[in-house]
Structure formats: structure tokens, C-alpha cells
4 protein chains.
Amino acid sequence: MKAFKVAVLGLGRIGQIHAKNLQQLFPDLSLQVITSSDTGRNFAEKNHFPEIGDDFERSLQDPGVKAVVICSPSDTHAHYIKRSAAAGKAIFCEKPLDLSLEVIREIDEAVRTAGVPLMLGFNKRFDPHLGALKRSLQAGKIGRPNILRITSRDPAPPPISYIESSGGIYMDMIIHDFDTSRFLLESEVTSIFTRAAVRVDPAIGEAGDVDTSVSILTFENGVMATIDNSRQAAYGYDQRVEILGSDGMLQMNNIPVDTHLVFGRQGASQPPYLDFFLERYAAAYREEMRVFIEALRQGHAMPVGVEDGLRSTAIAIAAKRSLDENRPVEMKEIL
Amino acid sequence: MKAFKVAVLGLGRIGQIHAKNLQQLFPDLSLQVITSSDTGRNFAEKNHFPEIGDDFERSLQDPGVKAVVICSPSDTHAHYIKRSAAAGKAIFCEKPLDLSLEVIREIDEAVRTAGVPLMLGFNKRFDPHLGALKRSLQAGKIGRPNILRITSRDPAPPPISYIESSGGIYMDMIIHDFDTSRFLLESEVTSIFTRAAVRVDPAIGEAGDVDTSVSILTFENGVMATIDNSRQAAYGYDQRVEILGSDGMLQMNNIPVDTHLVFGRQGASQPPYLDFFLERYAAAYREEMRVFIEALRQGHAMPVGVEDGLRSTAIAIAAKRSLDENRPVEMKEIL
Amino acid sequence: MKAFKVAVLGLGRIGQIHAKNLQQLFPDLSLQVITSSDTGRNFAEKNHFPEIGDDFERSLQDPGVKAVVICSPSDTHAHYIKRSAAAGKAIFCEKPLDLSLEVIREIDEAVRTAGVPLMLGFNKRFDPHLGALKRSLQAGKIGRPNILRITSRDPAPPPISYIESSGGIYMDMIIHDFDTSRFLLESEVTSIFTRAAVRVDPAIGEAGDVDTSVSILTFENGVMATIDNSRQAAYGYDQRVEILGSDGMLQMNNIPVDTHLVFGRQGASQPPYLDFFLERYAAAYREEMRVFIEALRQGHAMPVGVEDGLRSTAIAIAAKRSLDENRPVEMKEIL
Amino acid sequence: MKAFKVAVLGLGRIGQIHAKNLQQLFPDLSLQVITSSDTGRNFAEKNHFPEIGDDFERSLQDPGVKAVVICSPSDTHAHYIKRSAAAGKAIFCEKPLDLSLEVIREIDEAVRTAGVPLMLGFNKRFDPHLGALKRSLQAGKIGRPNILRITSRDPAPPPISYIESSGGIYMDMIIHDFDTSRFLLESEVTSIFTRAAVRVDPAIGEAGDVDTSVSILTFENGVMATIDNSRQAAYGYDQRVEILGSDGMLQMNNIPVDTHLVFGRQGASQPPYLDFFLERYAAAYREEMRVFIEALRQGHAMPVGVEDGLRSTAIAIAAKRSLDENRPVEMKEIL
């Protein structure tokens with residue numbers, strides 16, 4: 001006898017991850033997956049998911065479904081969140097909530113009115129490596145933080161079609177780093193200055209976006225941060241964080257695919273890094289889903305929610321404005 | 001409709017690992033767990049294993065059970081293997097097969113007669129880090145191997161009661177390193193010389209064992225190896241392998257629990273290593289079970305079997321004799 | 001019979017380094033040291049320098065003196081350079097040439113008119129580690145550079161009295177990083193944006209300076225750079241450089257005082273970094289003096305000169321203006 | 001006015017190092033070099049050494065010469081030590097004192113009778129990296145030592161002609177590691193077991209030597225050690241030491257030629273190690289000479305002397321006997 005049902009909407013790349021994690025982590029829950037694609041259906045059958053449907057509205061009417069995990073295309077998030085809230089379901093939604101601050105405020109209104117919990121999928125917050133760094137910071141190991149450095153670079157750019165609808169590099173990629181900086185420092189951004197260029201692929205420029213960016217952020221607590229990003233790091237997915245404090249420094253470094261070294265006449269070589277986010281953040285995705293279900297069961301507040309989506313989206317908007325207007329932008333101009 | 005059943009005998013520490021891995025890796029298989037302890041039963045119920053029994057003989061009579069995974073106490077392995085072979089089941093057995101070469105030969109006879117496949121649980125062979133090292137060796141990245149170094153040290157000694165029945169450090173612990181050396185070099189040991197002492201806990205000496213050991217092995221292909229071991233490495237589970245070749249060197253190094261570094265006035269500090277074998281070899285245990293089921297399905301030969309158990313046990317016997325007689329022992333004295 | 005004489009003016013911390021290096025590297029040269037302090041005289045006697053004087057004008061009149069090494073206080077550099085140029089001596093001068101672009105232009109005029117070579121002491125250009133990184137860049141190992149990151153942090157702030165006369169953090173400290181970025185990229189800065197604060201010591205703020213700074217620079221070749229600095233890194237002198245290119249990444253990392261690691265229950269600890277610039281750049285100081293004397297002997301052009309001093313000083317001025325005016329500053333506003 | 005003279009006998013590779021170090025470290029001493037080769041004479045003239053001779057006996061009669069540094073061919077060491085002792089000179093002698101225990105005992109007798117200090121050139125004892133490791137050991141950072149591991153491998157074999165007269169790998173190369181183990185543990189070896197083979201070059205075997213060796217040593221304090229050696233490590237000079245103790249582990253690792261890393265599609269590569277002993281132990285050679293002169297000036301006992309030469313030579317003899325007789329050899333059989 002299963003405790004309750006969780007419905008996963010969408011079995012694309014990230015939906016598959018969440019569905020598998022729910023299946024593996026919670027044998028006492030029942031899983032309902034909603035997919036309209038052959039790929040999704042095949043994946044579901046191969047994994048023997050107990051309920052496979054194609055109509056999310058039916059899930060919303062199913063009283064056994066206590067929570068929904070929304071992994072549909074980004075521009076449908078707001079719609080499905082509102083529907084789920086109205087049906088009284090607890091909600092886990094992949095980022096972004098929406099590209100527009102207005103719509104995010106509507107979402108906020110909807111979940112507040114319905115009184116349902118919503119957790120936003122900023123997966124990096126649940127990475128054990130980042131978590132260890134934050135614990136060291138909070139334990140005072142480096143005293144007061146002064147400079148934060150985030151380097152976040154993808155191994156290769158996404159398809160141009162993705163870039164055209166994603167909202168651009170600040171909205172689809174660097175938003176993670178904005179959220180990470182807020183999460184680590186537990187302080188809000190006051191201003192941002194951004195420089196960026198098309199260095200990787202001219203087609204990205206033609207699509208109206210940039211692919212290489214450096215930013216300086218300031219925070220209410222006085223910390224200054226640099227964030228540098230690229231759509232392409234030939235040497236692999238690069239996810240580093242560093243904090244200089246009054247008494248020392250913390251670093252989170254990359255993870256090679258294995259620990260084996262080859263020493264030859266030209267020196268030693270170490271393996272490349274875990275290839276991309278599904279591998280690098282595999283543990284984070286598991287932990288994120290574990291935290292969502294546990295918070296639901298215990299009645300605890302969700303650790304990341306609409307407010308975090310709103311704040312990070314606002315920073316992304318400010319970053320783009322700084323780039324367009326070649327000046328530092330104050331967050332109070334946006335929010 | 002599940003493809004077939006796998007019966008897991010014993011839900012102690014390692015049985016739990018195998019059962020969970022089977023459940024997570026193969027949703028298309030049905031799992032039968034056999035346990036007589038409350039702990040085992042609780043674990044099984046918590047994980048919603050579909051069939052929970054306490055009578056292995058019933059599993060052997062169940063025609064739906066195609067394979068058994070034997071995780072019972074070591075001194076029962078031979079009995080259950082023989083019973084399973086007689087019942088025509090494919091067998092995965094945790095190491096050791098037995099402490100006695102004679103009994104291992106009986107096991108060999110039994111599975112040959114029955115014509116059933118048997119895979120022996122030398123988990124380290126399935127570690128991706130060790131596998132990467134072996135692939136580099138086989139790809140000729142360091143030319144011809146000349147010196148192999150294995151360092152294998154546990155974070156803390158097992159209970160004295162375990163040592164009293166385990167067959168001693170060579171039979172319960174260093175046997176893994178003997179197997180690893182054979183696996184890496186694909187060559188058989190010709191001689192061994194061992195020095196050892198009680199350095200960690202006098203109670204280990206009173207139990208008739210040693211806790212600190214260094215050995216030199218020679219191989220048919222001319223490679224020389226050193227293996228050093230300790231029942232206690234205060235800094236954590238230490239699992240390193242290094243091969244010097246004519247053109248370079250390969251290393252497999254330890255894995256810290258996370259990648260975060262703390263820099264302070266005294267220098268930088270990195271986190272401790274993954275605590276013990278369940279964490280360090282988590283991926284190896286998964287891969288091992290995956291390989292077993294896949295080999296079974298495809299009708300492939302098992303990659304590690306009775307012969308490997310026999311050889312490693314013989315080296316352990318030779319190691320002990322070298323220590324007792326203060327001389328190098330030739331393997332042909334044993335096998 | 002010595003080949004010729006070199007006069008070293010000033011035996012403070014850096015003058016002592018240059019004098020010792022000349023003595024050790026060039027036993028065929030004769031050394032003349034000019035010092036007016038007891039400390040300087042004691043140092044000179046202890047090292048058996050052959051000629052110890054206190055009147056630089058006499059050195060300038062000595063026809064055996066072919067070259068002068070100016071290590072006097074910064075605000076005397078311009079004066080001594082002009083005097084030395086007028087006397088026809090080859091000149092090595094410690095940085096800065098001067099805090100004022102006008103005076104640097106006068107210096108330029110003076111050495112051009114006299115036709116004497118002048119080498120400016122940007123020591124980091126001669127660091128073997130940085131040199132190796134630059135060679136890898138020039139060899140095309142990472143393709144086209146896209147992002148440069150420099151982290152440059154001192155272990156502890158200088159005395160407030162020094163800060164009051166040094167021209168401030170951009171002029172006395174970060175100017176090195178501006179020069180390093182030009183040296184590595186072989187491209188000129190087009191704009192800079194800077195954020196800074198007093199985070200280390202309020203007395204630095206009272207002296208009119210900042211102690212913690214982050215900057216974004218853009219270059220003619222399209223590269224973007226971040227430079228972050230602190231007057232205090234509790235974990236030691238931090239000197240790192242990183243370049244992301246189209247095909248990979250280069251890093252120059254810090255150097256621990258020794259290679260020994262201590263592994264304990266809390267993890268592994270590595271020693272602190274070489275304490276400060278005299279230790280970290282010991283090899284660079286030797287190489288710099290070797291290059292100066294060799295260029296002199298061979299009649300080669302000096303590898304770093306007045307133009308480099310002018311450019312870096314201008315960037316420092318722009319950095320300060322960006323900070324004061326909270327906007328990106330174009331280099332063409334300055335030069 | 002120089003304090004006293006030091007005579008350096010022999011300006012081969014190592015004599016040049018010592019002569020330069022004396023010149024650079026002690027400007028207050030006068031240097032006399034004795035060389036009969038054109039190379040030596042050229043080197044001396046290029047470095048402006050003040051006295052260049054070819055007759056060591058004249059140095060011995062020079063009352064201004066207080067100390068001699070013997071860097072002549074190994075088989076002349078005993079002769080020159082005895083002559084120097086008879087002349088009342090303080091002696092620094094390169095290793096080995098001699099290949100024969102009898103001759104070493106004669107040397108001991110000669111210096112004792114003459115009452116002159118003798119320091120033996122076991123340079124590794126003065127390496128700052130090894131020194132840091134020893135200080136950590138003595139400070140109790142890892143508790144009681146249990147296992148010592150030394151890896152010592154040359155980048156390439158010496159000429160066969162050298163091997164033919166050197167006394168073989170144990171006497172010319174591994175003797176350093178025997179000395180290092182005694183130095184670190186401050187305990188004497190009680191037994192040794194050795195395996196070795198010709199794996200690098202058959203010509204080494206034809207010269208009666210081996211080129212690849214692994215040994216196990218036991219010490220009076222109960223520590224067990226493994227030492228592994230090769231005449232050829234394609235990846236460079238490999239000099240590592242590791243000690244497992246009751247509370248942790250110490251490591252001394254290799255030193256790359258620089259700190260710069262290249263990250264590319266295949267992973268990261270670090271530079272090769274410092275090429276060979278002159279580079280790796282440059283600081284040790286300087287420190288060794290500094291300690292010799294300081295001990296002489298202060299009248300302190302020399303930190304390494306005839307006894308150390310005798311002990312290490314005896315271990316080398318035991319190692320060879322173990323190899324020849326395929327059995328562990330007790331040190332009391334030798335000494």
C-alpha cells in the first residue's frame with residue numbers, strides 16, 4: 001500500500017531524472033507520469049512506472065495525487081502551476097517560473113491564495129559540494145566574506161533554437177549563478193555591471209544573444225562578486241565557486257570523471273570533468289527531490305520558492321540592461 | 001509483467017546493498033529477499049520489496065527464480081552455492097567462497113557439474129576508477145608494466161569477533177588486493193614475501209592475527225609488486241594503485257567526500273576520503289550487479305569466478321606462510 | 001679584471017635583492033652600491049661588495065659605471081632617471097616610474113634624447129611560471145583567448161604610512177596586474193569598470209584608499225578580464241592567472257612552501273604559500289636582472305620600458321576614476 | 001679580508017655545484033678550486049674563482065685552508081680523506097666514502113685520530129621538503145610511525161661505464177634511500193628483503209647489475225618500510241616519501257617544473273617534474289654547504305658522518321645479498 005501519488009508532468013531530459021529519482025528514493029510512493037511523446041512513453045515503460053498517462057488534468061482531479069512535479073516546456077510552467085495550485089496540489093517546478101516578473105507575481109499570488117507549497121528547482125542549492133562550502137562559510141571558517149567568485153561555463157552551447165526562446169544567457173544559464181550567489185551569501189544583490197560578447201559562435205549573436213560574459217555584483221552585506229560565464233569550455237563543464245573572507249578562503253572545485261592520472265614524458269594528465277549538469281549534479285537532483293518529498297511529509301516550508309525565482313529573474317533582467325546600456329544597474333531600478 | 005525473479009539471500013550490510021541495487025537498476029525484474037533477522041525484515045518492508053521470505057530452500061524450488069545472490073555468513077557460502085547449483089540457479093556469491101582450497105575445489109566441481117554460471121563478488125574489479133586505470137594500461141599508455149604498488153588501508157579495524165572467524169587479514173582484507181593485482185596485470189603470482197606486525201591493537205595479536213603488513217609479489221610476466229596494508233588509517237579509507245611502466249606511470253588516487261577546500265593561516269585543507277567501502281565502492285557494487293544480470297541475460301561468461309577465488313585464496317595462504325616462516329614462498333608450493 | 005661596473009642606488013628591501021643577484025649572477029662584473037643608511041651599509045659590508053658609496057653623482061661621473069639600478073624611494077625615480085640618462089648610463093628602474101603621466105612623458109623624453117636604454121622593473125614578467133603560461137598561450141594550446149582572470153592578493157596590508165604616499169592600491173599594487181594582463185594578451189586595454197571597498201582595515205579608508213577591489217577590463221582584441229584584489233589574504237600571498245580560450249584553459253597556480261602533506265582525521269592539509277613577493281618571485285628577480293645585463297651586453301632592446309610604465313599608470317588612473325564616478329571608463333579618456 | 005679558505009677538490013658536476021654555492025653563500029670566505037680538467041678550469045675562470053690550482057697537496061700544506069670539499073672520483077675518496085685528516089683539515093666528502101666496510105672503518109680511524117670533523121654528502125637530508133616532513137613526524141602529527149614508503153626513481157639510467165664501477169644500484173643509488181629511512185625514523189635497520197630485475201636495459205644486466213628493485217626493511221623501532229626503485233622513470237625524477245602513523249599519514253611529493261596547467265578536451269595536464277637531482281635538490285645542496293660551514297665556525301658536531309656512511313653501505317651490502325640468496329638478510333650478519 002503506497003502512501004500517496006506524485007505526478008510527474010513531462011518526461012524530457014529533466015523529467016526522466018526526477019521520475020527515476022522518485023522511483024528509486026521512495027519505494028513507498030506511487031508514481032504517475034504524464035507524457036505525450038513516444039520517447040517519454042518508451043522511457044516510462046522501460047522503467048515499469050506504474051501509471052503512465054497523457055492528460056495532466058486527470059492527475060489534478062485524482063485525489064490520490066498529493067504532489068506534482070512540473071517538467072513541461074518553460075513557457076507552460078505558469079499555466080500548469082496555476083492549475084495545480086487551484087487543484088490544491090503541492091508543486092515542484094523546474095526553473096524558470098517564467099521570464100516575466102509580472103507572471104511570476106501572478107504565480108506567487110496563485111500559490112498563496114491556494115495555500116499550497118511550491119518548490120523551485122534550483123538544483124545547485126542541493127549539491128553536496130556547494131553545501132559543504134556553505135557550511136564552512138556559516139561555521140565561520142573564513143570569517144567575514146569579502147569577495148565571491150563564480151565561474152560557470154558549459155561544455156558546449158545549446159541549439160540556436162533553444163537560445164531563441166530561452167530568454168538568453170542571463171535568463172537560462174547565468175540565473176543559476178545569481179541564485180547561487182544569493183544562496184551562499186544570504187544577502188540580496190544591490191547592483192550589477194556586465195560586459196559580454198559573442199566569442200563562441202556568431203550564430204548566437206545573430207539570435208540576439210551573447211555567449212561570453214563577465215559580471216560584477218554588489219550585495220547588501222558589502223560583498224563584491226565576479227561571475228564569469230561561457231557557453232563553451234572546451235575542457236568540460238566548469239563549476240567553481242570561491243569566497244575570500246577575512247580569515248581565509250573557500251573553494252569548490254570541479255570533479256574529474258575518475259581519479260586516475262597518467263604520467264608521461266610531457267607531464268601528468270588528469271581526466272576531464274564530469275561532462276555536464278546531469279552527471280555533475282546527479283546527487284543534487286536526488287537530494288532536491290528528497291528534500292521536496294520530506295518537506296511535504298513533515299509539513300516544513302520549502303527551502304526555495306517563488307521569491308527566489310523572482311529575485312534571480314530580476315537580476316537577469318538587470319544584467320541584460322547593464323549590458324545594453326553600458327552602465328552599472330541598481331537592483332532597485334528593477335524590483 | 002516482470003522478466004524473472006532474483007533471490008537475495010541475507011540482508012546484512014552487503015545484502016542490503018545488492019537488493020537495493022537490483023531494485024533500482026532492474027525495474028523489470030522481481031526481487032525475492034530471504035532474511036531471518038528483524039533488521040533485514042524491516043529493511044525489506046521499508047523498501048517495499050515484493051517478496052520477503054525466510055526459507056531459501058523455497059526460493060530454490062521456485063521455478064520463477066532464475067538467479068540467487070548469496071550474502072549469507074561466509075562459512076555458509078559453500079553450502080548454499082552447492083544447493084543453488086543443484087537447483088540450476090545462476091549464482092552470485094559474495095567473497096570469500098571459502099577459506100579452504102579443498103572446499104573451493106568442491107564448489108568448482110559442483111557448479112561445473114550443474115552447468116550453472118557463478119560470479120564471485122570481487123567488487124573492486126568493477127570500480128570505474130580502477131577500470132579507467134586498467135584501460136590506460138591496456139591501451140599502452142605506459143608501455144610495459146614494471147612495478148605495481150597497492151596501498152589498501154581500512155579506516156578502523158573490525159570487531160575482534162570478526163577477526164577471530166575471518167581467516168585473518170590476508171584472507172578477509174588483503175585478498176582483495178591480491179585479486180586486484182591479478183586483475184590489473186592479467187598475470188599470475190609466482191612468489192610472495194611478507195612482513196607484518198601488530199601495530200594497531202594488541203587485541204588483534206591476541207586473536208592470532210596481525211594488523212599491519214607489507215608484501216612483495218612477483219608475477220609470471222616479470223612485474224614486481226608491493227602491497228602495504230593496515231587495519232587502521234586514521235585519515236580514512238585509503239585505496240591507491242600505481243603502476244610504473246617503461247613509458248610512464250599510472251595512478252589511481254583516493255576520493256575526497258567533496259571538492260571543497262579551506263585555506264587558512266596554516267595552509268589549505270581538503271576534506272577526508274569517502275569513509276569506507278560502501279561509499280568508496282558504491283558505483284562498483286552497482287556495476288557488479290549490472291554485469292551479473294547482463295551476463296546472465298546475454299548468456300555471456302561471468303567475468304570473475306571460482307578460479308579467481310581459488311587463486312586469491314592460495315596467495316593469502318602463501319602470504320601467511322611467508323610471515324610464519326620468514327622466507328619468500330613460491331606459489332607452486334601451494335597450488 | 002671585471003668587465004664593467006654596475007651601480008645600485010639604494011639598499012632597501014628591493015635594492016638588496018638586486019645587489020645580491022648581480023653579485024651572484026655576474027662574477028665578472030664589479031658592483032658599486034650607493035646607500036645612505038646604516039642598514040644598507042651593514043648589508044653591503046656583510047656581503048663584501050667591493051665598492052660602497054653614498055654619493056650617486058660620483059657613480060654617474062665614474063666612466064667605469066656602465067649601468068645603474070635605481071632602487072631609491074619612488075618619488076625620486078624621475079630625478080635619478082633623468083640624471084642617469086644625462087650621464088649616458090643604461091638604466092634599470094624599479095616601478096613606478098612616477099605617479100603622474102606628465103612626469104612619465106618627461107622621463108620618456110629624457111631617455112630618448114640621451115639615447116640610453118631603460119628597463120622598468122615589472123618583475124612578474126620574468127616569473128618562470130607566468131612565462132610558461134604565456135608560452136602555452138602563444139603556442140596556441142587554448143586557441144583564441146576569451147576570458148582572463150587574475151587574482152592578486154597580498155598576505156597583509158602595508159603600513160598606513162606607505163599607503164598615504166604610494167598613490168593607492170591601483171597605483172602601488174594592482175598596477176602589476178594591469179601590466180600582467182597587457183603582457184599576457186599583447187593587447188591594449190580599452191575600458192575598465194571597478195568596484196572597491198574598505199573591508200580589511202578602516203585605517204586604510206581613513207587614509208583615502210580602498211583595500212578590496214574587483215575590476216572588469218576589455219581589450220582591443222576582444223578579451224574580457226576580471227581582476228580581483230585584496231590587501232589581505234589570511235592564507236598567504238595569492239597570485240593566480242587563468243585564461244579561457246576557444247580550445248581550453250590555462251592556469252597559473254600558487255606555490256606552497258613545500259610539498260609535504262599531512263593527512264589526519266579531518267582530511268589532508270597542505271602547507272601555506274610562499275609568504276610574499278620576495279619569496280614567490282625570487283626567480284623572477286634573478287631573471288629580470290639577468291635579462292637587463294644580457295640585453296645591455298648584446299645591445300638588444302629592453303623588453304619592458306617607459307611605454308609600459310605609461311600604459312599601466314594610465315589604467316590605474318582610469319580604475320580610480322571608474323570607482324569614483326561609478327561608471328565604466330574608456331582608456332581614450334586618459335591617454 | 002676573507003675569514004679563511006675552503007679548497008674544493010674536483011670540478012665535475014657536483015664539484016661545480018659546491019664551488020658555486022660556497023661562492024654565493026659565503027662572500028667572506030676565500031675559495032680555492034683544484035682541478036686537472038679543461039672543463040673544470042674553464043668553469044673556474046668563468047666564475048672568477050680567486051685561486052685555481054691543480055695540486056691538492058699544495059692546498060693541504062696551505063695553512064689558510066681550513067676546510068676541504070672532496071668531489072674527486074669515488075675511488076679516490078678514502079685516499080684524500082686520509083691525507084686531509086693528516087693535514088688537520090675539516091672535511092666535507094661526497095658520498096660514498098668507499099664501497100668497502102673495511103676502508104670506511106679505516107677512514108673512521110683516520111679522522112678520529114686526527115680529531116678533524118668530517119661531514120658526508122648525503123644531500124637529501126638537507127632538502128627542505130624532506131625536512132618539513134621530518135619535523136611533522138617529530139612534532140607527533142601522525143603519532144607513532146608504522147609504515148614508511150620510499151619511491152625513488154631516476155629519469156634515465158647512467159652510462160654503463162658508470163654502473164660498472166659504481167658498486168651497483170644499491171651502492172650508488174638506493175643507498176640514498178637507505179640513509180633517508182634511517183634519517184627519518186632515527187632507528188636502525190634490522191633486516192632487509194629485496195627483489196630486483198633487469199627491466200630497463202639488458203646492457204645493465206650484462207654489466208652485472210639490476211635496474212628495477214623493491215625492498216622491505218624492518219627497523220629496531222618496529223616500523224616496516226618498502227623502497228621501490230628504477231633506473232628509469234619516463235615521466236621524470238620521482239622522489240616520494242610517505243609515512244603511515246597511528247594518527248595519520250605524511251607525504252612528500254614531487255615538484256613540477258612550474259605551476260601552470262593546461263586544460264583541454266582530454267583533461268588537464270601538469271608540467272613534468274624537476275628533471276634530475278641537481279634541480280630537485282638545488283636547495284638541499286645549498287643548505288648542506290651552509291650547514292657544513294656553520295658547524296665548522298660554531299664548532300658544532302657535523303650532522304652526518306662516517307657512521308652514517310658505514311650503516312648505509314652495510315644495508316646496501318645486505319640488499320645485494322638478499323637478492324643473490326633469495327632470503328631476508330639480518331643486518332647483524334653484516335655489521
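This is a predicted model: local features need pLDDT of at least 70, side-chain atom pairs count only at pLDDT 80 or more; totals for chains, interfaces and linings use all residues.
The arrangement of the copies was examined by superposition. Chain A is superposed on chain C by a rotation of 180 degrees with 0.0 Å of shift along the axis, the RMSD being 0.0 Å. Among the residues of chain A, the C-alpha atom of Arg327(A) comes closest to this rotation axis, at 3.0 Å. The two copies use the same surface, in that 100% of the contact residues of chain A recur in chain C. In this interface, 44 residues of chain A are in contact with 44 residues of chain C. The area buried between chain A and chain C amounts to about 3400 Å², and carbon and sulfur atoms give 58% of that area. Of the area that chain A buries against chain C, 21% is supplied by Arg149(A), Arg199(A) and Met224(A), more than by any other three residues.

Chain B can be laid on chain A with an RMSD of 0.0 Å by a turn of 180 degrees, the shift along the axis being 0.0 Å. This is the relation of a two-fold axis. Here Gln24(B) is the residue of chain B that comes closest to the rotation axis, with its C-alpha atom at 2.8 Å. Because 100% of the interface residues of chain B are also interface residues in chain A, the copies meet through the same surface.

The UniProt record, an unreviewed entry, places the feature "domain: GFO/IDH/MocA-like oxidoreductase" at residues 133-250 of chain A.

Strand β10 was examined in chain D, where it comprises residues 224-230. Seven of the seven residues of β10(D) are buried, so the strand is largely enclosed by the rest of the structure. In a regular strand the side chains alternate between the two faces of the sheet. In β10(D), Met224(D), Thr226(D), Asp228(D) and Ser230(D) point one way, whereas Ala225(D), Ile227(D) and Asn229(D) point the other way, and the residues of both sets are buried. With strand β7 (residues 145-153) of chain D, β10(D) pairs in the parallel sense over seven bridges, and Ser230(D) is the bridge partner of Arg153(D). With strand β9 (residues 212-219) of chain D, the pairing is antiparallel and also runs over seven bridges; in this case Met224(D) is the bridge partner of Thr218(D). β9(D) and β10(D) form a hairpin with four residues between them, and Gly222(D), which lies in the turn, has a positive phi of about 90 degrees.

Helix α12 of chain A (residues 306-325) has 20 residues and reaches 28 Å from its first C-alpha to its last, close to the 28 Å expected at 1.5 Å a residue. Its buried residues include Val306(A), Asp308(A), Leu310(A), Ile315(A) and Ser322(A), together with Ala314(A), Ala316(A), Ala318(A) and Ala319(A). The elements of chain A that cover the buried residues of α12(A) include the helices α5 (101-114) and α8 (169-185), as well as the strands β6 (118-121), β8 (189-197), β9 (212-219) and β15 (329-330). α12(A) is followed by Asn326(A), whose phi is positive, near 50 degrees.

Terms used. Residues are numbered from 1 along each chain as its sequence is written. Chains are lettered from A and ligands numbered from 1 in the order in which they are written. Side-chain values use heavy atoms; hydrogens and water are left out. Helices (H or I, at least four residues) and strands (E, at least two) are DSSP runs, numbered from the N terminus. The expected span of a helix is 1.5 Å times one less than its number of residues. Buried means under 20% relative accessible area, exposed over 50%, partly exposed in between (1.4 Å probe, protein chains only). Contact means heavy atoms within 4.5 Å. Copies are superposed by least squares on the C-alpha atoms of residues with pLDDT of at least 70 in both. Two strands pair if DSSP finds at least two bridges between them. UniProt positions are given in the numbering used here, feature names are shortened, and annotations may be inferred rather than shown by experiment. Buried area is the accessible area (1.4 Å probe) that two parts lose on being put together, summed over both.
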